[in-house]
Amino acid sequence: MRTLIIDSDKILSSVYKTYLEYFGHVVDLADDGQVAIDLIDKAKPDIILLEIQLKKHSGFEFLYELRSYPEWNEIPVILCTLLNKSELSLSLVHLEHFGVVDILYKPTLRLNELAYVLENKLSVA
Amino acid sequence: MVADIALTGDKLFQSVIEQLKLPLLHIANKAELSSELTPQNYSDISDIARMALKLVDSYMLSIEGSNNQILDLEPVAVGSILRSAAINLSPIANVHSCNIELKLDGSFAPVMSNYRRLEAAITMVGYSLIEAQASSNEDPGIIITAYKKNEKTKLGVFSKDLYITRDIFNIFKDQRLNLKQSLPGVSFTPAAGLMVANKIAGSLSTQFGVVKRDNLKGLAVVLSPSSQMRLIEV
């Protein structure tokens, strides 16, 4: 399974990548939306893990751009964010038409749960 | 007036607490990974935790300073302060692959200040700029420096990344002007360290200001050389 992690936090991205690769995933990293688009163009991921609070642009801007490419419309996206639900001010219902299949809250997300969610959501999608 | 002070204090506390989320998150994840991975992670865990603790300590120092205590001012060697700050910051800079440069522009007479507080303030500014550049695509780096201007001594930290730090400095200026700003909007920009640094500076009868030098932007305080020690420049 190929996973694209889009997050400006290099420490956390690196931890997620190392963990997932240990269990056989192929993982690409992007720290902003444009880098992510370029990576997707080179190697289409099976699933995307996206942080909303990117340093240069918002993760939502990336989502809008991703969905403007019909050939990438089926790639499921999991939001993985430091913002809690009240700060996010959005529910999964609103995000579903952008292909967001789950929202994970980083402070309580354990690494083994991350691996499980990625595989589970991909099989459902 | 009392209500305003309470509100500002609450906002600072909230900002500090929000900023602590990120290093604690890093610690938790690296610790979880550590059972299967390299010793470097153990070292990083320790360094991240210690810098977060330094933020808490500096915040406590800033609170002590706001209680109108009469501070013990002493002649403080400029080079010693900056070297100490660089040593404090070196571990967290390594975690973020950020370069630290120490630059003393000339020789300096000691300044009248408080060693512990000034060191904490400079360290907090450096920490904020290192964290701010953590996701930069270019070579992240900070310069801890001192230079003279109009017979005063300026001590500060400059950032090599103008793009990232522009937002930080705008937020800093807004905080100084006490403009109303939603704290959640700044909570994941490391403004808490800058606010703590500026609060500490206030207790030393100075303030951090945004400065430009050699095409770089930074934050610096202005201090007066000790009149008694003026003849001694190191």
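This is a predicted model: local features need pLDDT of at least 70, side-chain atom pairs count only at pLDDT 80 or more; totals for chains, interfaces and linings use all residues.

Trainee: Okay, how many residues of chain A are in contact with chain B?
Mentor: On the chain A side there are 26 residues, and they are in contact with 23 residues of chain B.

Trainee: And what area is buried between the two chains?
Mentor: About 2,100 Å² is buried between chain A and chain B, with carbon and sulfur atoms giving 58% of that.

Trainee: Which residues in chain A lose the most area to chain B?
Mentor: Those are Ile11(A), Lys55(A) and Leu82(A), which together account for 29% of what the chain A side buries.

Trainee: Which elements of chain A give two or more residues to that side?
Mentor: Helix H1 (10-22) and helix H6 (111-124) of chain A do. The largest share comes from H1(A), with eight residues.

Trainee: What kinds of residues are on that side of chain A?
Mentor: The ones touching chain B divide into 13 nonpolar, nine charged and four polar.

Trainee: Then how many salt bridges are there between chain A and chain B?
Mentor: The count there is zero. One residue pair is found in polar contact across the interface, with both residues at pLDDT 80 or more.

Trainee: Let's switch to the sheet in chain B. What's the strand order?
Mentor: The open sheet has five strands, ordered E2-E4-E5-E7-E6 in chain B, and their pairing is mixed. Strands E2 (99-104) and E6 (209-213) of chain B are at the edges with a single partner strand each, so one side of each has no neighbour in the sheet. From one strand to the next, the twist averages 30°.

Trainee: In which sense do E5 and E7 of chain B pair?
Mentor: Strand E5 (residues 152-159) and strand E7 (residues 216-223) of chain B pair in the antiparallel sense, over seven bridges. For example, Val157(B) has Leu219(B) in E7(B) as its bridge partner.

Trainee: Which strands does helix H4 of chain B lie across?
Mentor: Helix H4 (residues 115-132) lies across E4 (141-149), E5 and E7 of chain B, and runs at about 25° to E5(B).

Notes
Residues are numbered from 1 along each chain as its sequence is written. Chains are lettered from A and ligands numbered from 1 in the order in which they are written. Side-chain values use heavy atoms; hydrogens and water are left out. Two strands pair if DSSP finds at least two bridges between them. Helices (H or I, at least four residues) and strands (E, at least two) are DSSP runs, numbered from the N terminus. Axes are lines fitted to C-alpha atoms, for helices over the stretch in contact, and angles run from 0 to 180 degrees between N-to-C directions. Contact means heavy atoms within 4.5 Å. Buried area is the accessible area (1.4 Å probe) that two parts lose on being put together, summed over both. A salt bridge is a side-chain nitrogen of Lys or Arg within 4 Å of a carboxyl oxygen of Asp or Glu. A polar contact is a pair of N or O atoms within 3.5 Å; within protein, one must be able to donate a hydrogen and the other to accept it, and residues adjacent in sequence count only if both atoms are side-chain atoms. Ala, Val, Leu, Ile, Met, Phe, Trp, Tyr, Cys and Pro count as nonpolar, Asp, Glu, Lys and Arg as charged, and the others, Gly among them, as polar.
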